[in-house]
Amino acid sequence: MAEPILKWVGGKRQLLSDLRSRFPIEYDQYHEPFIGGGAVFFKLEPTIGSINDLNRRLITFYKIIRDHPDQLIKENQRHSYDEDYYYDARDRFNKLHTLDERSVKQEIEEASLMLYLNRTGYNGLYRENQSGGFNVPFGEHSNPDFIRKKQIRAASAILADIDIHNADFTYIAEQATPKDLVYFDPPYEPVSKTADFTQYQSDGFSKSDQERLRDLAVRLNKNNVYVVISNSPPVWELYADIPDFTVSYVNAARMVNSDASNRGDVAEVIITNVPPGQQQQQKICDYM
């Protein structure tokens, strides 16, 4: 069984059972336009479909896992857990990001550095400044695993026939076909000014983006595509009066936070057009 290789803000490990209870019993291809750490994707282990993210580094990482797993593992073995080495690796990672074109060798190096920085940086955060530079400081860990040999090979096998995109989430309008399942896990609408989880990369996700996502969900629904969306409570109003969609809420533990003392349960909403009789099971209360 595969598992997520990266730690990622907004990961859905704690929400898996609630999400799957809203998934249809039967569907064709599986698509995830905001793949992030891929907790849901790797749990499902789909054999056909697509993943996508606007973060170019993240998508390069998944492509390298799919296409060059052995070379990636070999590159991972070059690293050492040392603070000075960490900052040199971070500088190299950011330099590679500025290149308009990279060779396969450079992409393998970038993917390896991303994994190393993710496993050895502070609290497993991925964060970019406004210029797109990765700026997470060194973290204190006990024997961090940044080689991840077993996990990389398992993930590579699952990704073998999956299309991987680095595009706006609307790509799915052209790729999804009737009876496919699309799971959207966008950067969340913040519940307050101090609870903004959207800035994991330099480009944010605005209220207008949330509205574009809603309009896309309606379009997919008309094309008989199954849709499941997870988000924060402020978004429920966008879907409250749309036929065929139901909105529910659930509490989920926030596992990655810059302040460890602030980790805990937060309310999330799950929105879907999957008819109740076709859902895998019922575990969530309707949002009121």
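Trainee: Is Phe184 buried or exposed?

Mentor: Buried, because its relative accessibility is 0%. This is a predicted model, by the way.

Trainee: Where does Phe184 lie?

Mentor: In strand S4, which covers residues 181-184.

Trainee: And what does Phe184 touch?

Mentor: Leaving out residues up to four places away in sequence, the contacts include Pro33, Phe34 and Phe169. Ile172, Leu213, Leu216 and Leu220 are also among them.

Trainee: How far apart are Phe184 and Ser230?

Mentor: In sequence, 46 residues. In space, 6.5 Å from C-alpha to C-alpha.

Trainee: Switching to cores. How many residues has the largest nonpolar core?

Mentor: It has 54 residues. Phe41, Phe61, Tyr62 and Ile65 have the most contacts inside it.

Trainee: Which element gives the most to this core?

Mentor: H6, with seven residues.

Trainee: Take Phe41. What does it touch?

Mentor: Tyr30, Glu32, Ile35, Pro46, Ile51, Ile158, Leu159 and Ile162. That list again skips residues up to four places away in sequence.

Trainee: What about a second core?

Mentor: There is one, separate, with 24 residues. Ile172, Ala217, Val235 and Tyr239 are included in it.

Trainee: Now H7. Which residues there are buried?

Mentor: Gln151, Ile152, Ala155, Ser156, Ile158 and Leu159. They sit on the same side of H7, because they cover an arc of only 160 degrees around the axis.

Trainee: Why would residues a few places apart point the same way?

Mentor: An α-helix has 3.6 residues a turn, so residues three or four places apart point the same way.

Trainee: What is exposed on the other side of H7?

Mentor: Lys150 and Ala157.

Trainee: And what covers the buried residues of H7?

Mentor: The cover includes helices H2 (39-44), H3 (56-67) and H4 (69-76), along with H6. Strands S2 (49-52) and S3 (162-165) are part of it too. Two of the buried H7 residues, Ile158 and Leu159, are also contacts of Phe41.

Trainee: On to charges. How many salt bridges are in the whole structure?

Mentor: The search finds 13. One of them joins Arg153 and Asp70, at 3.1 Å from N to O. That pair links distant parts of the chain. Arg153 is in helix H7, Asp70 is in helix H4, and they are 83 residues apart.

Trainee: How accessible are Arg153 and Asp70?

Mentor: Arg153 is partly exposed, at 41% relative accessibility. Asp70 is partly exposed as well, at 45%.

Trainee: What does Arg102 pair with?

Mentor: Glu107, with the closest N and O atoms 3.9 Å apart. Arg102 counts as buried because its relative accessibility is 14%, and the cut-off is under 20%. Glu107, at 24%, is partly exposed.

Trainee: And Arg214?

Mentor: Arg214 forms a salt bridge with Asp215. Their closest N and O atoms are 3.1 Å apart. Arg214 is partly exposed at 21%, and Asp215 is partly exposed at 43%.

Trainee: Which residues are linked in a network of salt bridges?

Mentor: Glu3, Asp145 and Arg148.

Trainee: Last topic, aromatics. How many aromatic pairs?

Mentor: The count comes to 20. Trp8 and Tyr126 form a stacked one, 4.9 Å centre to centre with 25 degrees between the planes.

Trainee: Where do Trp8 and Tyr126 lie in the chain?

Mentor: In distant parts, 118 residues apart. Trp8 is in the segment before helix H1 (16-20). Tyr126 is in the loop between helix H6 (104-120) and helix H7 (149-159). Both Trp8 and Tyr126 are buried.

Trainee: Why is the pair of Tyr86 and Tyr87 edge-to-face?

Mentor: Because the planes are at 85 degrees, and over 60 counts as edge-to-face. The ring centres are 5.3 Å apart.

Trainee: Are Tyr86 and Tyr87 buried or partly exposed?

Mentor: Tyr86 is buried, at 0% relative accessibility. Tyr87 is partly exposed, at 27%.

Trainee: Which residues form the aromatic cluster?

Mentor: Phe23, Tyr30, Phe41, Phe42, Phe61, Tyr62 and Tyr183 form one cluster. Phe41, Phe61 and Tyr62 are also among the residues with the most contacts inside the largest nonpolar core.

Definitions and conventions:
Residues numbered from 1 in each chain as written. Predicted model: local features only at pLDDT ≥ 70, side-chain atom pairs only at ≥ 80, totals over all residues. Heavy atoms only, no water. Phe/Tyr/Trp six-rings, centres within 6.5 Å; stacked < 30°, edge-to-face > 60°. Helix = DSSP H or I, 4+ residues; strand = E, 2+ residues; numbered from the N terminus. Buried < 20%, exposed > 50% of the residue type's maximum accessible area, 1.4 Å probe, protein only. Core = buried A, V, L, I, M, F, W, Y, C linked by side-chain atoms within 4.5 Å. Contact = heavy atoms within 4.5 Å. Arc of directions from axis to C-beta. Salt bridge = Lys/Arg side-chain N within 4 Å of Asp/Glu carboxyl O.
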